[in-house]
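Please look over the structure shown here before reading the report. The text is meant to be read alongside the sequence.

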Amino acid sequence: MKKNILLLAILITSISFINCENDPCDEGYTQLDNGVCVPDYITGIEQKTELGNVFFHSELGAVTYKNGSWFDENNSVIKNINN
(Lines give C-alpha, C1' and ligand atoms only; values in the text may rest on other atoms or scores of the structure.)
Protein backbone atom coordinates (compact mmCIF):
# COMPACT_ATOMS: atom_id res chain seq x y z
CA MET A 1 0.00 0.00 0.00
CA LYS A 2 2.84 2.38 0.87
CA LYS A 3 4.45 1.65 -2.50
CA ASN A 4 1.24 2.56 -4.32
CA ILE A 5 0.92 5.84 -2.43
CA LEU A 6 4.57 6.66 -3.11
CA LEU A 7 4.20 5.86 -6.82
CA LEU A 8 1.04 7.95 -7.00
CA ALA A 9 2.80 10.89 -5.33
CA ILE A 10 5.72 10.61 -7.75
CA LEU A 11 3.33 10.43 -10.72
CA ILE A 12 1.39 13.51 -9.59
CA THR A 13 4.61 15.43 -8.98
CA SER A 14 5.98 14.45 -12.38
CA ILE A 15 2.80 15.50 -14.20
CA SER A 16 2.88 18.90 -12.53
CA PHE A 17 6.30 19.59 -14.11
CA ILE A 18 5.21 18.74 -17.67
CA ASN A 19 4.95 21.81 -19.86
CA CYS A 20 1.52 22.04 -21.50
CA GLU A 21 2.41 24.92 -23.78
CA ASN A 22 0.72 24.66 -27.19
CA ASP A 23 3.41 26.55 -29.14
CA PRO A 24 6.35 24.22 -29.82
CA CYS A 25 8.39 27.00 -31.47
CA ASP A 26 11.22 28.95 -29.90
CA GLU A 27 10.80 32.62 -29.09
CA GLY A 28 10.84 34.70 -32.28
CA TYR A 29 9.31 31.88 -34.33
CA THR A 30 5.68 31.10 -35.21
CA GLN A 31 4.15 27.75 -36.12
CA LEU A 32 2.36 27.71 -39.49
CA ASP A 33 -0.73 25.58 -40.18
CA ASN A 34 1.48 22.84 -41.64
CA GLY A 35 3.34 22.55 -38.31
CA VAL A 36 6.58 24.18 -39.46
CA CYS A 37 8.12 26.87 -37.23
CA VAL A 38 9.33 29.90 -39.19
CA PRO A 39 11.06 33.08 -37.99
CA ASP A 40 8.89 36.11 -37.30
CA TYR A 41 9.29 38.85 -39.90
CA ILE A 42 11.35 41.88 -38.90
CA THR A 43 12.67 44.54 -41.24
CA GLY A 44 15.97 43.42 -42.75
CA ILE A 45 15.51 39.72 -41.96
CA GLU A 46 15.80 38.79 -45.65
CA GLN A 47 19.53 39.39 -45.31
CA LYS A 48 19.83 36.50 -42.84
CA THR A 49 19.87 33.67 -45.36
CA GLU A 50 20.64 31.04 -42.71
CA LEU A 51 17.00 31.41 -41.53
CA GLY A 52 15.60 30.38 -44.92
CA ASN A 53 13.23 32.39 -47.06
CA VAL A 54 9.80 31.89 -45.39
CA PHE A 55 8.85 34.17 -42.50
CA PHE A 56 5.70 34.95 -40.49
CA HIS A 57 4.33 38.50 -40.84
CA SER A 58 1.91 39.63 -38.13
CA GLU A 59 -0.59 41.02 -40.67
CA LEU A 60 0.13 39.10 -43.87
CA GLY A 61 0.78 35.60 -42.50
CA ALA A 62 3.46 33.51 -44.19
CA VAL A 63 5.62 35.57 -46.55
CA THR A 64 8.44 34.39 -48.80
CA TYR A 65 11.53 36.30 -49.91
CA LYS A 66 12.90 35.29 -53.31
CA ASN A 67 14.74 37.06 -56.09
CA GLY A 68 14.74 40.36 -54.20
CA SER A 69 10.94 40.52 -53.71
CA TRP A 70 8.43 39.53 -51.03
CA PHE A 71 5.54 37.20 -51.90
CA ASP A 72 2.39 36.32 -49.94
CA GLU A 73 0.79 32.87 -49.61
CA ASN A 74 -0.90 33.33 -53.02
CA ASN A 75 2.48 33.98 -54.66
CA SER A 76 1.55 37.63 -55.29
CA VAL A 77 4.24 40.30 -54.93
CA ILE A 78 3.89 42.39 -51.78
CA LYS A 79 4.49 46.06 -52.51
CA ASN A 80 4.70 47.39 -48.93
CA ILE A 81 5.69 44.81 -46.34
CA ASN A 82 6.74 47.17 -43.53
CA ASN A 83 4.88 46.68 -40.26
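The report below covers a sheet, a group of aromatic residues and one glycine, all in a predicted model.

**The sheet**

Three strands make up an open sheet, arranged in the order β3-β4-β5 with antiparallel pairing. The edges are formed by β3 (54–57) and β5 (69–71), each of which pairs on one side only. Ignoring direction, neighbouring strands of this sheet are turned against each other by 35° on average. Strand β4, residues 61–66, runs antiparallel to β5 and is joined to it by 3 bridges. K66 has S69 in β5 as its bridge partner. K66 also takes part in a contact with an aromatic ring: its charged end sits over the ring of F71, 5.0 Å from the ring centre.

**Aromatic residues**

The model contains 3 aromatic pairs. Two of them, both involving W70, are set out in the table.

| Pair | Distance between ring centres | Angle between planes | Geometry |
|---|---|---|---|
| Y41 and W70 | 5.2 Å | 85° | edge-to-face |
| F55 and W70 | 5.6 Å | 65° | edge-to-face |

Planes over 60 degrees apart count as edge-to-face, so the 85° of Y41 and W70 puts that pair in this class. The 65° between F55 and W70 is also over that limit, so the pair is edge-to-face.

F55 belongs to strand β3 and W70 to strand β5, so their pair ties together parts that are 15 residues apart in sequence.

Are these residues buried or exposed? Y41 and W70 are both buried. The relative accessible area of W70 is 8%, and because buried means under 20%, W70 falls in that class. F55, with a relative accessible area of 0%, is buried as well. Y41, F55, Y65 and W70 together form one aromatic cluster.

**Glycine 28**

G28 is placed in the loop between α1 (2–16) and β1 (29–31). Its relative accessibility is 37%, so G28 counts as partly exposed; that class lies between the limits of 20% and 50%. Which residues does G28 touch, not counting those up to four places away in sequence? They are V38, P39 and D40. The C-alpha atoms of G28 and I42 are 9.8 Å apart, and these two residues are separated by 14 residues along the chain.

Notes:
Residues are numbered from 1 along each chain as its sequence is written. This is a predicted model: local features need pLDDT of at least 70, side-chain atom pairs count only at pLDDT 80 or more; totals for chains, interfaces and linings use all residues. Side-chain values use heavy atoms; hydrogens and water are left out. Helices (H or I, at least four residues) and strands (E, at least two) are DSSP runs, numbered from the N terminus. Buried means under 20% relative accessible area, exposed over 50%, partly exposed in between (1.4 Å probe, protein chains only). Contact means heavy atoms within 4.5 Å. Two strands pair if DSSP finds at least two bridges between them. Axes are lines fitted to C-alpha atoms, for helices over the stretch in contact, and angles run from 0 to 180 degrees between N-to-C directions. Rings of Phe, Tyr and Trp (its six-membered ring) pair if their centres lie within 6.5 Å; planes under 30 degrees apart count as stacked, over 60 as edge-to-face and the rest as tilted. A charge sits over a ring if NZ of Lys or CZ of Arg is within 6 Å of the ring centre and within 35 degrees of the ring normal.
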